[in-house]
Amino acid sequence: MIKFLSRLIKLGLAGILGAAAVAKFMLQSNAEPSTQEVDMVAIYGGEDLVSVADPFYGGKILTMFGGTRLDLRQTRPAPTGIYLDLAVVAGGVELIIPKGWRVHFTGTTIAAGFDDATASTADRDSVQVHVGGFVIAGGVHVTNKSYEEAAAE
């Protein structure tokens with residue numbers, strides 16, 4: 001029984017890695033600094049975007065075996081708020097938002113984590129960033145500073 005489960009796990013992992021390799025060549029990012037609704041794809045690599053969109057609505061982020069950083073500190077939010085839909089498998093997403101904004105996570109995590117490290121002084125009427133989707137064997141970190149800025153302090 002253990003041998004069967006071991007083979008089944010290996011087969012599943014091979015399928016995931018193969019699907020990610022195919023997706024890398026088929027999917028393209030649609031994310032420029034002024035894009036109002038981003039479509040970011042990072043498979044076996046990374047994506048980094050500093051948005052200056054006015055307004056910024058949100059978008060989709062697919063990260064598999066890689067990393068994505070989205071900096072929203074120079075953007076103006078849409079009047080309805082910002083909605084991000086994540087699909088993260090064995091990767092990470094860093095979301096940088098301005099001080100005073102709030103983040104609300106409604107997604108699903110499996111062997112993964114969601115870390116809200118933002119300043120918690122935002123009031124109820126502040127801009128809200130809604131984050132949904134799923135994170136499997138990875139992580140999402142929301143902050144007001146990039147890792148480089150935090151390390152320089």
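Student: How many salt bridges are there by the rule used here?

Tutor: A salt bridge is a side-chain nitrogen of Lys or Arg within 4 Å of a carboxyl oxygen of Asp or Glu. By this rule the count is three. Please note that this is a predicted model, in which local features need pLDDT of at least 70 and side-chain atom pairs count only at pLDDT 80 or more, while totals for chains, interfaces and linings use all residues. Residues are numbered from 1 along each chain as its sequence is written, and side-chain values use heavy atoms, with hydrogens and water left out.

Student: Which residue forms a salt bridge with D48, and where do the two partners lie?

Tutor: The partner of D48 is R69, with an N to O distance of 3.8 Å. Helices (H or I, at least four residues) and strands (E, at least two) are DSSP runs, numbered from the N terminus. In these terms R69 belongs to strand β4 and D48 to strand β2, so the pair links distant parts of the chain, 21 residues apart.

Student: What is the distance between R69 and E94, and which parts of the chain does that pair tie together?

Tutor: The closest N and O atoms of R69 and E94 are 3.4 Å apart. Through shared partners, D48, R69 and E94 are joined into one network.

Student: Are R69 and E94 buried or exposed?

Tutor: Buried means under 20% relative accessible area, exposed over 50%, and partly exposed in between (1.4 Å probe, protein chains only). Both R69 and E94 are buried. D48, at 52% relative accessibility, counts as exposed.

Student: What is the overall pattern of helices and strands along the sequence?

Tutor: The chain has two helices and 11 strands, and the order is α-β-β-β-β-β-β-β-β-β-β-β-α. Of its 153 residues, 37% count as buried.

Student: Which strands pair with β5, and in what sense?

Tutor: Two strands pair if DSSP finds at least two bridges between them. β3 and β5 pair in the parallel sense over seven bridges; there, I61 has L86 in β5 as its bridge partner. β5 and β10 also run parallel, joined by eight bridges, and I82 stands opposite V129 in β10. As to cover, six of the eight residues of β5 are buried.

Student: Which residues touch the most other members of the largest nonpolar core?

Tutor: A nonpolar core is a set of buried Ala, Val, Leu, Ile, Met, Phe, Trp, Tyr and Cys residues joined through side-chain atoms within 4.5 Å. The largest one has 23 residues, and L70, L72, L95 and V129 touch the most other members. At least two residues come from each of β1 (37-43), β5 (82-89), β6 (92-96), β10 and β11. The strand that gives the most is β5, with four residues.

Student: Which residues does L70 touch?

Tutor: A contact means heavy atoms within 4.5 Å. Leaving aside residues up to four places away in sequence, L70 touches M40, L49, F56, I61, L84, E94, L95 and I96.

Student: What is the phi of F65, and what is that of A137?

Tutor: Phi of F65 is near 55°, and F65 is found in the loop between β3 and β4 (67-71). A137 has a positive phi of about 50° and sits in the loop between β10 (128-136) and β11 (139-143). F65 is partly exposed, with a relative accessible area of 24%; A137 is likewise partly exposed, at 45%.
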